[in-house]
Amino acid sequence: MKEVTWFADLANFLVSGIIPNEFSSNQKKKLKRDCQDYYWDKLYLYRICTDEVITRCVLEEKQVEILGACHSSPYGGHHSGGRTTAKVLSCGFYWPTLYKDANDLVKCCDKCKRVGGLSKKNEMPLTIVLEIDIIDV
């Protein structure tokens, strides 16, 4: 059985105006409300964000590839989940679980785990520095 993408119902409604029969009245209202933030252009579905930035909706197969490229880029990568999410959004891509997926990727990244910040427990103890006046010498 072929897997249906997360935005299949949105795209079908935007293109043909058809709502699946198995939807309840609340699901139909939600679908119509959600469609106000999206528009269909030939092959792609786009989302209009609250700050009027237009991002392209991505299929599940491409999500891991895009996240990986934005997280471990050679010119500045391995940042936190929030920063990785910001990079993906600035590249013009979107999917509903983007924030969760970026945080999960950062938690599982081997390089990020090895470099992680020092905790208070692992810090070196502070030592006292003696100040000596010139006259004392």
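**Entry 1: largest pocket**

I began with the helices around the largest pocket. α1 (8-16) and α2 (25-34) each supply at least two residues of its lining. I note here that the model is a predicted one. Next I asked which helix gives the most to this lining. The answer is α2, with four residues.

I then looked up the volume. The largest pocket holds about 230 Å³ of space. I found 13 residues in its lining. Nearest the centre lie W6, L10, K30, L31 and D34. Sorted by class, the lining has seven nonpolar residues, five charged and one polar.

**Entry 2: α1 against α2**

I stayed with the two helices and checked how they pack. The axes of α1 and α2 come within 10 Å, and they cross at roughly 75°. Angles from 65 to 115 degrees count as roughly perpendicular. The two helices are therefore roughly perpendicular to each other.

I listed the residues that touch. From α1 they are D9, L10 and F13. From α2 they are L31, K32 and D34. This contact divides into three nonpolar and three charged residues, with no polar ones. I cross-checked the names against the pocket. L10, L31 and D34 make part of this helix contact, and L10, L31 and D34 are also among the residues nearest the centre of the largest pocket.

**Entry 3: second largest pocket**

I moved on to the second largest pocket. I read its volume as about 170 Å³. The lining consists of F7, W40, L43, Y44, L45, R56, C57, V58, L59 and K62. Which elements give two or more residues to it? I found the strands β2 (44-48) and β3 (54-57). By class, I counted eight nonpolar residues, two charged and no polar.

**Entry 4: α3 against α4**

I turned to α3 (residues 60-71) and its contact with α4 (residues 81-90). Their axes come within 9 Å and cross at roughly 115°. That makes α3 roughly perpendicular to α4. I also looked up the handedness of this crossing, and it is right-handed.

On the α3 side I noted I66, L67, C70 and H71. They meet T84, K87 and V88 of α4. I sorted the residues of this contact into four nonpolar, two polar and one charged.

**Entry 5: α3 against α5**

Last, I checked α3 against α5 (residues 98-108). The axes come within 11 Å. The crossing angle is roughly 60°. That makes α3 oblique to α5. This crossing is right-handed.

Which residues of α3 meet α5? I found Q63, L67, G68 and H71. Their partners in α5 are L98, D101, A102, L105 and V106. By class the contact has five nonpolar residues, three polar and one charged.

I compared the two lists for α3. L67 and H71 meet residues of α4, and L67 and H71 also meet residues of α5.

Definitions and conventions. Residues numbered from 1 in each chain as written. Predicted model: local features only at pLDDT ≥ 70, side-chain atom pairs only at ≥ 80, totals over all residues. Heavy atoms only, no water. Axes fitted to C-alpha atoms, helices over the stretch in contact; angles between N-to-C directions. Parallel < 35°, antiparallel > 145°, perpendicular 65-115°, else oblique. Left-handed = near helix turned anticlockwise from the far one by under 90°. Contact = heavy atoms within 4.5 Å. Nonpolar A, V, L, I, M, F, W, Y, C, P; charged D, E, K, R; others polar. 1 Å grid on protein atoms, 1.4 Å probe; cavity = no way out; pocket = protein on both sides within 12 Å on 5 of 7 lines; lining within 4 Å. Points joined across faces, edges and corners; volume = space filled by probe spheres on them.
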